[in-house]
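Here are my notes on the model you passed along.

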Amino acid sequence: MTARSRFATLGGAAVLAMLLALPAAAQSLKPDEVLSSIAVSPLSAPNPVRGADGRVHLAYELAVSNASAWFIRLDTLESVDPAGTVLSALSGKDLAAMTLFHAGRDGAIAPGGSATVLLDVSLAADAVLPAQLSARITASRLKDANGTLVPDHSEGPAPAVYTFTGAPVVPGRPAVVVAPPLRGKGWVAVSGCCDALTAHRGAILAINGRQVAPERFAIDWVKLRDDGHLFTGDGTKVTDYAYYGDPILAAADGVVVNVYDGADEQVPGPDAKPTGITPANIGGNMVVIDIGGGAYAFYAHLQRGSLKVGLGDRVKTGDVIGLLGNTGNSTAPHLHFHVMDGTSPLNANGLPYVFTRFSGQGTLAPGSEDELERGKPARIEPRLVGPMTDMLPLNDQVVDFE
Ligand SMILES: [Zn+2]
């Protein structure tokens, strides 16, 4: 047996016990190094954005993989700055509600499974941005999904409950400033950022072996009628939606770098099921515009044949680039708008943006979004109200554009 192969056999509890018996100066792990079972890494660094609540949001995601034979329950997750100051904290059910469990349930990641935690670290408008953000996680090793703890040190040196700090990120550049891509009153920011697991924030994809969050700041814009309804009739015709065909405006100057105009309109309605969806047409008829600085604006689900621009065209802010439609993966006419760091709408990470000007009417009450899609009028609460400058509309906010 060579020295190398003998070394390779060293491992497991017996050897660790031997090493731990050595003098303190030769510790195998330093006090801040914890056997964590899980690996945690950010998908990308967060860029700060001022939301319509006046706070600065750092929205990003942590990929968690459980390379162990235990269930791992995430008990608390604190976002800490380099001094250890806690900037935000989630625990228990609140943490589970912001976690996508790719394998596991009830707040526990299955053996060999993974999860994605969606973070929204929000700071007062005048707060100093942290130079770095880390995650301080307390987790438990469980025998099963019912919550039975593995006894401390029963299989090697690992305790049942443990705390570690990791996954450091450095906040990036400020949000991109763009003009609203729509005109008129009563637009609802469906599935917007930041503090809920919406369809957009939960759209974590793996492309060529890399996990990305293209839609983390995406908004599906639908427009209320004066009576607060989304549509007339039963909502199963695109013409039941008065805003179907509204002009879509370029949010910034730029160059068209990606277009698709081969998707037919879907049948809308409360029970609609989009058909014929492929990776190429999932966004329906769409336009991607390079707006400079590594940012790309994406406009999706436009009417077939309505695109006013082609590849390579230069556009100016406010130019009409197409008409609002119901193509691709869409159950009712809407504009899906987001800004991202690449030309491919799915293979990119979402970048935050703010709109130059808009006015908040309020925010949909809990449950009202589903009711709207079923034909009931909007219930609007007086939250996020008033004229706003250089802010990101937040989830379910109802806003007026000029
Ligand atoms: Zn969308």
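**Notes on the predicted model**

1. Let's start with the fold as a whole. Of the contacts with a separation of 6 or more, 73% are between residues 24 or more positions apart. Keep in mind that this is a predicted model. The chain has 28 strands and four helices, and its C-alpha trace spans about 75 × 45 × 40 Å along the principal axes. Buried residues make up 43% of the 402 residues.

2. Next, the domains. The chain splits into domain 1 (38-169) and domain 2 (176-400), with their C-alpha centres 30 Å apart. Where they touch, domain 1 puts in 18 residues and domain 2 puts in 24. On the domain 1 side, strands E2 (49-50), E3 (56-66) and E9 (114-123) are the elements that give two or more residues. E3 has the largest share of that side, with four residues. By class, the domain 1 side comes out as nine nonpolar, five polar and four charged residues.

3. Which residues have the most contacts inside the largest nonpolar core? They are Ala297, Tyr299 and Leu392, in a core of 101 residues. Strand E20 (residues 295-302) gives the most to this core, seven residues. Both domains take part, as the core draws at least three residues from each of domain 1 and domain 2. As general background, nonpolar side chains in soluble globular proteins tend to be buried together.

4. Leu392 deserves a click. Leaving out residues up to four places away in sequence, Leu392 touches Val49, Arg50, Gly51, Ala52, Ala175, Cys193, Phe217, Pro352, Tyr353 and Val354.

5. Now strand E13 (residues 187-190), which is covered on both faces. Trp187 and Ala189 are buried on one side, and Val188 and Val190 are buried on the other.

6. A peptide bond to check: the one from Cys193 to Cys194 is cis, with omega near 10 degrees. Cys194 sits in the loop between E13 and strand E14 (205-207). Cys193 is also one of the residues that Leu392 touches.

7. Glu78 has Ala89 in E5 as its bridge partner. Five residues lie between the two strands, and Gly84 in the turn has a positive phi of about 90 degrees.

8. Ala167, in strand E11 (residues 161-169), has a phi of about 50 degrees. Asn208 has a phi near 50 degrees and belongs to the loop between E14 and strand E15 (210-212). Are these two residues buried or exposed? Ala167 counts as buried because 22 other C-beta atoms lie within 10 Å, and the cut-off for that is 20 or more. Asn208 counts as exposed because it has 6 other C-beta atoms within 10 Å, where the limit is 12 or fewer.

Note on methods
Residues numbered from 1 in each chain as written. Predicted model: local features only at pLDDT ≥ 70, side-chain atom pairs only at ≥ 80, totals over all residues. Core = buried A, V, L, I, M, F, W, Y, C linked by C-beta atoms within 7 Å. Domains from an automatic or database assignment. Contact = placed C-beta atoms within 7 Å. Pairing = 2+ DSSP bridges. Nonpolar A, V, L, I, M, F, W, Y, C, P; charged D, E, K, R; others polar.
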